2 protein chains.
Amino acid sequence: MWFRQLVRFSSSFSSKDLKIRLTSSPKKKPELNEKLLFGTALTDHLLEINWNETDGWDIPRIEPYHNFMIDPASSVLHYGTECFEGLKAYRTAKNNLLLFRPEMNMNRMKKSAAAVALPDFDSEELLKCIKELVKIEESWIPSKVGYSLYLRPTFFGSHAGLGVAKPRSAKLYTVCSTVGPYFPEGFKPIHLYCDDTIARAFPGGSGDKKIGANYAPGIGHTAKLQSKGFNQILWLCNLYVSEAGTMNFFVFWHNKQGEKELATCELDGTILPGVTRDSILTLARQWNEFKITEKKFTIYELCDAINEGRVIEAFGAGTACIVSPVNKLTFKDREYKIPIALGNAGILTKRFQDEILKIQYGEISHSYQHLVI
Amino acid sequence: MWFRQLVRFSSSFSSKDLKIRLTSSPKKKPELNEKLLFGTALTDHLLEINWNETDGWDIPRIEPYHNFMIDPASSVLHYGTECFEGLKAYRTAKNNLLLFRPEMNMNRMKKSAAAVALPDFDSEELLKCIKELVKIEESWIPSKVGYSLYLRPTFFGSHAGLGVAKPRSAKLYTVCSTVGPYFPEGFKPIHLYCDDTIARAFPGGSGDKKIGANYAPGIGHTAKLQSKGFNQILWLCNLYVSEAGTMNFFVFWHNKQGEKELATCELDGTILPGVTRDSILTLARQWNEFKITEKKFTIYELCDAINEGRVIEAFGAGTACIVSPVNKLTFKDREYKIPIALGNAGILTKRFQDEILKIQYGEISHSYQHLVI
């Protein structure tokens, strides 16, 4: 008995112990058209790994997709002890399956978990397990351009007890969903609304972690604005431009010194350290054609730059869309128009999109690619 | 069929439709001693009411306590779309069951729900349903002094889909737990640790809502401090004294003008509008013996007042403990001693405790009492 315990549980799970049970009733695959709603075409299987304080990590399992049995007194339902990640698996023309910088998601998830009192894990082992899941769900990854398999690693406190305390048990899992291109009919520029009376994050808080706490309050604010015709919130943190909706925000402008500059908020703990954000900055630094700055700038600096005709383009960046062109900004009842050189996107915005797509879909060889098959 | 739909669903559930199904296998009641851990002696039944965007509210049901089946793609597990409340049912010497200002919890829950994009409900109807649950769980409410039935209304987004969006389905429920006195062996003063590099809430955020987002990040910070011998965090918001752990914070001092004053942070949107907080302020205003002020004051003002011998006592306030005396504060590596006139509590702290207990356990008649039976 003690030996079985020793084998089954350990301080870190290992992909070598992965147990796989395949479904006997595969779901119907979604139609690949613009009606495919993000994150709804959930696949046949999921990866799950349970942890508890006494025994540590159980072995990882790939199981048919199923509901979880959760105690109504579970930590996550009361105190929001959960975190997640988002990344995609892409099918190349040569029929390889690629992930895009997945080790960044794995490392960020370790930090998010620590921020909500969830236990540590070996991120390389999690990635190995996720790759096995991707192989099993291969048939859910379309070969159609722009389509991919969205992967959602998630981790929550399952411990039942109403005391505000560290969860004594938890579940780490990953579900997958076939997703289409974010802009099925080409770029659609967005109108941002900026409100200096609401905030997403703050110094000393957890704005740089991918935890539910950073999302729930924004959903209601965003829904209200969308009913008024705006698309996303341009979040401020003490008047500094922070994020656009759930994306990092970039502006390409002539700065006050007259230099061409790509600027985005620095990683000061209040914004998500986005994988796409980092990729854009790294690509731009390699191109070495203009100044690249991670710095704080206020909404007033941004509005002034628009007014003075110094803004060349602006965009949001994230895994779901890669880049999302911005053509309008409303702040204090005034609408600011942002240039869109190509009609539906700026030239630099489209260049980032094209370059990252080439890497993701394996059209060029790049160190960001992580081969699954 | 359409008629059945019409009867079963509506824009607000009604307690008149409550369906009750009792357990056939009641649990063992907990031993009433100091080993009874808060929020773990969960009772035989729960109240649950489902909602979805298409049909509105289903009828309320009291069912045997059971696990929930939750889709792994549920909103709450990813985006923290949940809120909760905490209140207690007390047994009086005359064998009545009382709630303490439950309408305040119900109203606050409506506001919390709105903040995390969950639908509205009729709070009076929820209270009526909860009262039925309390009647059914009557045998779980000890007659022993200091014991009570803790009630935990909870509400979460159950909608399956990975898009960051308003939940299209949700579950509102209430579980109960027999709880003992917070200080089984009399008051035990706490040592607060104040760190100006971390924050619980911020202007423009959701610090005044009872949502998981305000709790998860604090659990990890608190656990770290507790391992160093401190009890709770004294939270600051831009250097203003905000909350103590998950309690409101009060200081009774001679202010700079030499007046005796009970001070606590004003309801500026960054602190929880506590029921106990409000009760303390209201009682003190009725006594009319000293100045009562809801205002912002900085950690430096507090430390100065301690240094100058102006602080008479300090305490936290919340439903779980009523009041929690504070005898030490550590800030920037310096320990500040706070007077504790009675050895384990200040005189005013104990007076609030005694007065509120008298109301809660029906020793005196008071408008705060809400009769269940």
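1. In this predicted model, 19 residues of domain 1 of chain A are in contact with 16 residues of domain 2 of chain A. Phe84(A), Phe100(A) and Arg108(A) supply 37% of the area that domain 1 buries against domain 2, more than any other three residues. The two domains comprise residues 2–181 and 190–360 of chain A, respectively, and their C-alpha centres lie 29 Å apart.

2. Between them, domain 1 and domain 2 of chain A bury about 1,600 Å². Carbon and sulfur atoms account for 63% of that area.

3. Polar interactions also cross this interface. Nine residue pairs are in polar contact there, with both residues at pLDDT 80 or more. On the domain 1 side, β7 (82–84), β8 (87–91), β9 (97–100) and α3 (102–115) of chain A each supply at least two of the residues that touch domain 2. The largest share, six residues, comes from α3(A). By class, this side of domain 1 has ten nonpolar, three polar and six charged residues.

4. One salt bridge is found across the interface of the two domains of chain A. Separately listed among the ion pairs is that of Arg101(A) with Asp278(A), whose closest N and O atoms are 2.8 Å apart.

5. Over all chains, the structure holds 43 salt bridges. One of them joins the side chains of Arg277(A) and Glu294(A), at 2.7 Å from N to O. Arg277(A) lies in helix α6 (residues 275–287) and Glu294(A) in strand β17 (residues 291–294) of chain A, so the pair ties together parts that are 17 residues apart in sequence. Arg277(A) is buried, at 2% relative accessible area, whereas Glu294(A) is partly exposed, at 30%. Together with Arg285(A), these two residues are linked in a network of salt bridges.

6. A pair within one helix is formed by Asp354(A) and Lys350(A), with closest N and O atoms 2.8 Å apart. Both residues lie in helix α8 (residues 347–360) of chain A, four residues apart, or about one turn of the helix. Asp354(A) is partly exposed, with a relative accessible area of 30%, and Lys350(A) is also partly exposed, at 33%.

7. In chain B, Lys296(B) forms a salt bridge with Asp268(B), the closest N and O atoms being 3.4 Å apart. This pair links distant parts of the chain, 28 residues apart: Lys296(B) is in the loop between β16 (291–294) and α7 (299–307), and Asp268(B) is in the loop between β15 (260–264) and α6 (275–287). Lys296(B) is partly exposed, at 34% relative accessible area, as is Asp268(B), at 29%.

How values were computed
Residues numbered from 1 in each chain as written. Chains lettered and ligands numbered in written order. Predicted model: local features only at pLDDT ≥ 70, side-chain atom pairs only at ≥ 80, totals over all residues. Heavy atoms only, no water. Domains from an automatic or database assignment. Contact = heavy atoms within 4.5 Å. Buried area = accessible area lost by both parts, 1.4 Å probe. Salt bridge = Lys/Arg side-chain N within 4 Å of Asp/Glu carboxyl O. Polar contact = N/O pair within 3.5 Å; in protein donor to acceptor, adjacent residues only side chain to side chain. Nonpolar A, V, L, I, M, F, W, Y, C, P; charged D, E, K, R; others polar. Buried < 20%, exposed > 50% of the residue type's maximum accessible area, 1.4 Å probe, protein only.
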